Amino acid sequence: MAGERGVETVDMLLNMGPQHPSTHGVFRMILKVDGERVEDAEAVVGYLHRGSEKLCERENYRQIITLFDRLDYISNFNNELVFCLAAEKLMGIEAPERAQYIRTIMCELNRISSHMMFYGAYGTDVGVFATAFMYGFREREVIQQVFEAVSGARMMHSYIRVGGVAQEVPADFVPRVRAVLSGLKRGIEECDRLLTRNEIFLGRTRGIGVLSAQDAIDYGCSGPVLRASGVPLDVRAAEPYLVYDRFTFDIPLGKSGDCWDRYWVRMEEMRQSISIIEQALTQMPEGAIQTPVAKFGFVKPPKGDAYVRAENPRGDFGVYLVSEGKETPYRVKIRAPSFCNLMALRQMVRGSYLADAVVILGSLDIVLGEVDR
Amino acid sequence: MPEPRPVRRGPEKAEPVAPVRPDAKMEALLKEAFAGFGAAFGYAVDEVTVTAPRERIVEACRLAKDDPRLRFDYLRCLAVTEYGDYFQAAYLLFSTALGHKAMLKTNAPKDDAVIPSVMGVWRGADWHEREGAELFGVTFAGHPDLKHLLLFDEFSGKYPMRKDFPFEETVDWTPENDRPWSRLPQEGS
Amino acid sequence: MIGLLRAMGVTLKTMLRKPVTVQYPDAHLPISPRMLGFPALLWDSAVDEPACVGCKVCERYCPTDCISVTMKDNPLAKEGKSTRRKMVDDFQIRLERCILCGICVEVCNFEAIAMTDYHEQADISRGGLLATKDDLFRMGRDFQQRAGIKVTPGTPKLEAAAPPKEGSA
Amino acid sequence: MEIKVTPDRLWKGESLLHKSGAPGVITGKSDELIAMARKSSLWPLTFGLACCAIEMISTYMAHHDLDRFGIVTWPSPRQSDVMIVAGTVVKKMAEPIKLLYEQMPSPKWVIAMGSCATCGGPYTRSYSVVMGVDKIIPVDIYVPGCPPRPESLMDALIKLQDKIMREGKTPRA
C-alpha cells in the first residue's frame, strides 16, 4: 500500500515472547506494527497450560488445594480460599470465626506481597531495572517469612482447608504481624517516593493504554484494572465473603484508566490492606480454627453446582464447582482474573507506541499460571 | 527452647448453617423476564439458574443485558460442563449497576454440540468460548475466530477435558531409563 | 541544587543502612519451626524399630504418587517386644516429585512420618533424588535428634504446630 | 553463626585446587584454570516459566543476592552459560525451550529447578505437560522441591560450580 508520500510501506509483524524478559512469564504477543505504531496485537497464551482443571477431576478436595496453590503462584492464599469457599458453599458449612479472621489476614498479607511483586516487575518494565525489584522484594521477603512461620512454606502453603485452616497460628503471630505492618508502611512510603511521582515514570505511564469503563466491563475485566477505569466494583464490598463486612476500607478508584492509574490503585490497595489487617488483628477472637469436617479431609459436597468468587490481588477469581456427591469434584472451572484482563490487551495496545506495549502489558499484572491454568 | 504445641479443642461450630437460598424477588423477576422463552428455572445454592433452549440463548442473553430491571452487563464466567449425553454452557452474570447476579444455562446434545456464540453481547465471552471449543469440542457458532487458545495443533480433534480422555501414566525413574548425559562432558549442540 | 542534595542524602542514608543480604553458604535465613522440608521416617527409639507400619495410607493420599510402601510382619511383635504387629518393609520417596504439601504427615495414623527441614538436595542425576528407606531413616533420625521428637505408639496425633526445628542463624 | 552442613552424597570435600606457597597464587592445569574462570562467572538466562521463577527471582534479590557468586542474569541466550529451567515445561513450550538451548553458546549447563522441571511434579498426569525437561534437553543439576527455597537453588549452583571444576579436571574423551 502507498503511504503518505507515495512510498510503498508494508506492515511488519513483530513477535514478542514466549521467552521475553518483560512478558512476565511465558506469554507471546504478535504485534502488527507500522513504524513505531502498533496497529494490532494478538495474544498467544497456552505456554503454561498445565491442565489443572482436568487434574482436579481425579484428586480429592484436600489434594486439589495443592493444585490451586500453583495457579496464581503469587497469591496462593487467595486461590486456596476461593476453592475452599466453593466447597463450603456446596456443603452449607462455614468456617469458625477465628479461622475466618486468620484467612482474612493471610489473604490481605498476600495481596500486599503480590502488589510488591507487581511493583518490582513494573519498575523493570518501565526501565528502572533492578532497583524497584530490589525494594519490592525486600518487603516481600519479610511477608514470606511470616507465611513460612504460619504455614511452613514460603509459597505453596496449602494452609486453608475446607472448613477452616490447617493449624493454629504461632504464639507470636499478632505482635509479629504488627511489626511487619509497621515496617511495610515505611517500605511502601519508600517505594512510593522512588517511583510514583517520578517524572520519567509519569511520562511513561500517564495517558498510556487507556481503557474506558464501558470497555472494561464489557471485557469482564476485574480488580485493579477495572477500578482504575473508575468502576467501583470490589467483590469484598459488593458480595462480602469471610468477614469483610466488618471492616471499613476504601476502594481506590482511578480516573482515566491509564497505566498510572492501574499502578496507583495497587499502591493504594496495599495501604487499605494494611488497615484491614490492623482491624482484623484487633477483632480476632479466640476459638476453634476448624469445623470437624476439615480435620480429616473426607469432604464430600452434595450434588449440585456453585460459583464462588473472591477478590484476588489480580481481580475477581471465581470457581465454578460441580459436584456429583463423590470424593472428587465432577468439574472445576476456574475463572481467572488475568485471563479476562488479558482479553482487553488488544484494545489497549492498539494505536500505542511499540515501546508502550510492554508498559501496558506490565500494568495488567498478569500471572500466566492462572491465565493458562 | 521448644515452642509449646498449642493444642486447642475449643467449642466447634456444630449447628448447621441455615441453607442459603436465592433472593425470592430476583427469582420472580427472572421468571417474569424470561416468561416467553420456554425456560426452566432452578437453583445453584444462592443463585437462580435459567435454562434456556440453545436456539434462543443469544436472544436471552441480550434480554438479560438490555432489560432495565436486570442489566446484566458483566459476564463473570462462562463454564462448559460435560454431563452424560449433553454439554452445558453456564453464563454467570452480574450487574455492576444493580449489584445482583444470576446464572443462565443452555444445553447442547453431544452429537450436535453447537451453541450460538454470545460474543456479540459481551466481548468478554471471546476467550471463554475459544477455551470451551478446544477443550470440550463445543462449536460456538458465530464466533469470529474459533482457533486454538491454550492447546496447539497436535490436539486438533482431541478434546482433553472430556471424561473419556485418559490421564497420562506416570513414568518413574529407574536406572534403565536414566538419561546419562548429566555425567558426560558437555558437547557442542 | 536542592534536588541534587536531597538525592545525595538518600544515597548516603541508604549507604549507611545495614544490608539485608544473608551470606548463604555460611549463614542461612531463619527457618520457621513449621518449615515443610522433605518428608522422612521417624524412629521409635524406645523399641528400636521404625514407627511406620507400612499401612500405605500416605501412598494413597499423596497427590503426586511419589511414595511407595510395602509391609511385612514385625519379628519383634512375635517376641512380645513391640506392639506393632506389622512393620515397613520398603519405603521409597521420589523426592524429585514430592511437592512438600504435608498430606502424608496429616493422614499418617502412627506419627511415623514428618516433614524435616532438609531442603538442599540438588543432585546431578535423577537417581540421586530417589530416597530409599535407609536415606529416609537417616534423615528422620538426624531430624529427630535435632528437634527432640520422641515417638511413642498410641500418642494422639500432632494437633497444631510441628515441633521446632533447629534452623541455623 | 552456625554453618549449615548439607548432606552431600556426591563430593566429599575434595580439594580441587593446588595452592602454591605464595599467598593468593594458585597454580593448576590450564583446563582447571579455564574451568575456574567459567564457574566464577555463570550467567544464567533470565527465563522463568512458572511458580519456581518467583523463587528464582527471590534468589537474585536483596536477601540472597546471587551476584556474590558472580552470577548475573542475562536476558539473551546468546551470552548465557546456564539455563535455569524454573517451572513446568508444557508441550507447547518444548520447542521454544529447545531453540533457546540451541542458541546458547557452548559450554552450557542446565539446571532443572523444581519438581515440574525435573519430572512433571504435580502435573505428571496432565495431558499437556512434558515429564521433565530432560526429555528434551540435557540437564546437569536437578533441584527437587516445589518450589525449592532460594537456598536450595544456591546450593544447586554451588554444586554446579563443583561439577564444572570436576569437568575441568577430567580429561575429555
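This note goes through the structure point by point, from conventions to chains, sheet, helices and interface.

1. The model is predicted, so local features need pLDDT of at least 70 and side-chain atom pairs count only at pLDDT 80 or more, while totals for chains, interfaces and linings use all residues. Residues are numbered from 1 along each chain as its sequence is written, chains are lettered from A and ligands numbered from 1 in the order in which they are written, and side-chain values use heavy atoms, with hydrogens and water left out.

2. Chain B has 3 helices and 7 strands, where helices (H or I, at least four residues) and strands (E, at least two) are DSSP runs numbered from the N terminus. Along the sequence these elements follow the pattern α-β-β-α-β-β-β-β-α-β. Of the 189 residues in chain B, 48% are buried, a term that stands for under 20% relative accessible area, with exposed meaning over 50% and partly exposed in between (1.4 Å probe, protein chains only). Among contacts (heavy atoms within 4.5 Å) in chain B between residues at least 6 apart in sequence, 53% join residues at least 24 apart.

3. An open sheet of 5 strands in chain B has the order 1-2-5-4-3 and mixed pairing, two strands being paired if DSSP finds at least two bridges between them. Its edge strands, each pairing on one side only, are strand 1 (40-44) and strand 3 (74-83) of chain B. On average, neighbouring strands of this sheet are turned by 25 degrees against each other, direction ignored; axes here are lines fitted to C-alpha atoms, for helices over the stretch in contact, and angles run from 0 to 180 degrees between N-to-C directions.

4. Within chain B, strand 2 (residues 47-51) and strand 5 (residues 101-109) pair in the parallel sense over 3 bridges. B:Thr49 stands opposite B:Met103 of strand 5. Helix 2 (residues 57-66) of chain B lies across strand 4 (86-94) and strand 5, and runs at about 175 degrees to strand 5.

5. Helix 1 (residues 24-33) of chain B has B:Met26, B:Glu27, B:Leu29, B:Leu30 and B:Ala33 as buried residues. Seen down the axis of helix 1 of chain B, these buried residues fall within an arc of 165 degrees, so they line one face of the helix; the arc is that of the directions from the helix axis to the C-beta atoms. Their cover includes strand 1, strand 2, helix 2 and strand 5 of chain B, whereas B:Ala24, B:Lys25 and B:Glu32 are exposed on the other side of helix 1.

6. Between chain A and chain B, 55 residues of chain A are in contact with 53 residues of chain B. The two chains bury about 4,600 Å² between them, 56% of it on carbon and sulfur atoms, where buried area is the accessible area (1.4 Å probe) that two parts lose on being put together, summed over both. In chain A, the residues that lose the most area to chain B are A:Lys54, A:Asp218 and A:Tyr330, together 14% of what that side buries.

7. The count of salt bridges between chain A and chain B is 10, each being a side-chain nitrogen of Lys or Arg within 4 Å of a carboxyl oxygen of Asp or Glu. The side chains of A:Glu57 and B:Lys163 meet in a salt bridge at 3.1 Å, N to O.

8. Chain C contains 5 helices and 7 strands, and 54% of its 169 residues count as buried. In helix 5 (residues 133-147) of chain C lies C:Asp142, which counts as partly exposed at 26% relative accessibility. C:Asp142 and C:Leu42 are 100 residues apart in sequence and 9.4 Å apart in space, C-alpha to C-alpha.
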